[in-house]
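User: Hi! I am new to reading protein models. Could you walk me through a few features, step by step?

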Amino acid sequence: MLKINLCGVDFKNPVFLASGIMGETGSALKRIAKGGAGAVTTKSIGLKPNPGHRNPTIVEVEGGFLNAMGLPNPGVDEYLEEIKKVKDDLDWMNVGVIGSIYGKDEEEFAEVAKKMEKYVDIIELNISCPHAKGYGATIGQNPELSYSVCKAVKKAVKVPVFAKLTPNVTDIVEIAQAVVDAGVDGLVAINTVRGMAIDIKAKKPILANKFGGLSGRAIKPIGIKVVWDLYENFDVPIIGVGGIMTGEDAIEYMMAGASAVQIGSGVYYRGYDIFKKVCDEIISFLKEEDLTLEEIIGIAHE
Ligand code: RRO
């Protein structure tokens, strides 16, 4: 009932793990796969190992989490060893792999994408991390840079390429237009929303990086509006992400135009098997309303 096809790739369900959560090791990905995810997205991986920002890197706030991890990862060569350890198990469970990658420029993006390609079903370009100077949103807030990174990766690999967008822009359609013009196969929206928290006793910002990205319940209406705008303007598939905790949240994103969704912070609130729970809740709704999954995608625009 929940099977979907995105750009020629079949998934058993449209409820995926978002990048950045439980995606740093093969065993963590496998744990999420066992929780019922239709696909798992890796932590964003770069060319070389990166220790990330100093601690504290994450703090719970009202409505979610503020993080400034700073792209910590072991580098693509070592990371591929992690994926190789569990790829057969993921295939056996029929769970797709989305490889999230980052780089400082188009050459680096293309190099990492080429190394990843063999082990993933989709490449997700992180041009949206809100707190990594020179990376992420530095690229994704600039239409020309976004275009050249997407173009270079599209030229380098054959698997479908999705661009993950930042909501921290004045005009999301302008950025999306640039990446669609560069030939991306789909869009992922949204990455975290820039934010900050201050420890009033210490009289200084809580995160070592001072500011970070807000995820969780608080950002769902922002994500819904971005997905809505993307669906109104483009024909490529959209993966919705931001504040999804329940099947109802997922359905809301789908009605705005998402073909699939990703869950990150929700894993903390509802456990590793949130994916199965959300799938069951989507199925109940579809039965109650006598609708198919396909029918609800974008239905709110009609
Ligand atoms: O690693 C991070 O700090 C991070 C990344 Br790459 C991202 O894309 N979004 C986010 O909120 N944190």
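Analyst: Happy to! Let us start with one idea: a residue is called buried under 20% relative accessible area, exposed over 50%, and partly exposed in between. Lys104 has a relative accessible area of 48%, so it is partly exposed. Please keep in mind that this is a predicted model.

User: Which residue does Lys104 meet in a salt bridge?

Analyst: The general idea is that a side-chain nitrogen of Lys or Arg lies within 4 Å of a carboxyl oxygen of Asp or Glu. Here the side chain of Lys104 meets that of Glu108, with 3.0 Å from N to O. Glu108 is buried, at a relative accessible area of 14%. Together with Asp105, Lys104 and Glu108 are linked in a network of salt bridges.

User: How many salt bridges does the structure hold?

Analyst: There are 14 salt bridges in the structure. One of them joins the side chains of Lys115 and Asp77, at 3.0 Å from N to O. Lys115 belongs to helix H3 and Asp77 to helix H2, so this pair ties together parts that are 38 residues apart in sequence. Both ends can be read with the accessibility rule: Lys115 is partly exposed at 29%, and Asp77 is partly exposed at 46%.

User: Where is Lys87, and what is its salt-bridge partner?

Analyst: Lys87 lies in helix H2, which covers residues 76–92. Its side chain forms a salt bridge with that of Asp91, at 2.9 Å from N to O. Lys87 counts as buried because its relative accessibility is 15%, while Asp91 is partly exposed at 44%. Setting aside neighbours within four places in sequence, Lys87 is in contact with Val97 and Tyr119.

User: Is Lys220 buried or exposed?

Analyst: Lys220, in helix H7, is buried, with a relative accessible area of 15%. A polar contact of 2.8 Å joins its side chain to that of Glu252. Beyond neighbours within four places in sequence, the contacts of Lys220 include Gly242, Gly243 and Tyr253.

User: Which residues of helix H6 are buried?

Analyst: In H6, residues 172–181, the buried residues are Ile172, Ile175, Ala176, Ala178 and Val179. Looking down the helix axis, you find them within an arc of 155°, so they line one face of H6. These buried residues pack against several elements, among them helix H5 (143–156), strand E10 (186–189) and helix H7 (220–233).

User: What caps the N-terminal end of H6, and what follows the helix?

Analyst: Asp171 is the cap: one of its side-chain oxygens lies 3.1 Å from the backbone nitrogen of Val173. After H6 comes Gly183, which has a positive phi, near 100°.

User: Which residues form a nonpolar patch on the surface?

Analyst: Met196, Ile198, Ile200 and Phe211 form that patch, with about 430 Å² of accessible area together. Take Ile198, found in strand E12 (residues 198–199). Ile198 has a relative accessible area of 52%, so by the rule we began with it is exposed.

Notes:
Residues numbered from 1 in each chain as written. Predicted model: local features only at pLDDT ≥ 70, side-chain atom pairs only at ≥ 80, totals over all residues. Heavy atoms only, no water. Patch = residues over 30% accessible without salt bridge, like charges linked within 9 Å, V, L, I, M, F, W, Y side chains within 5 Å. Areas by Shrake-Rupley, 256 points an atom, 1.4 Å probe, with all protein chains shown as cover. Helix = DSSP H or I, 4+ residues; strand = E, 2+ residues; numbered from the N terminus. Buried < 20%, exposed > 50% of the residue type's maximum accessible area, 1.4 Å probe, protein only. Arc of directions from axis to C-beta. Contact = heavy atoms within 4.5 Å. Polar contact = N/O pair within 3.5 Å; in protein donor to acceptor, adjacent residues only side chain to side chain.
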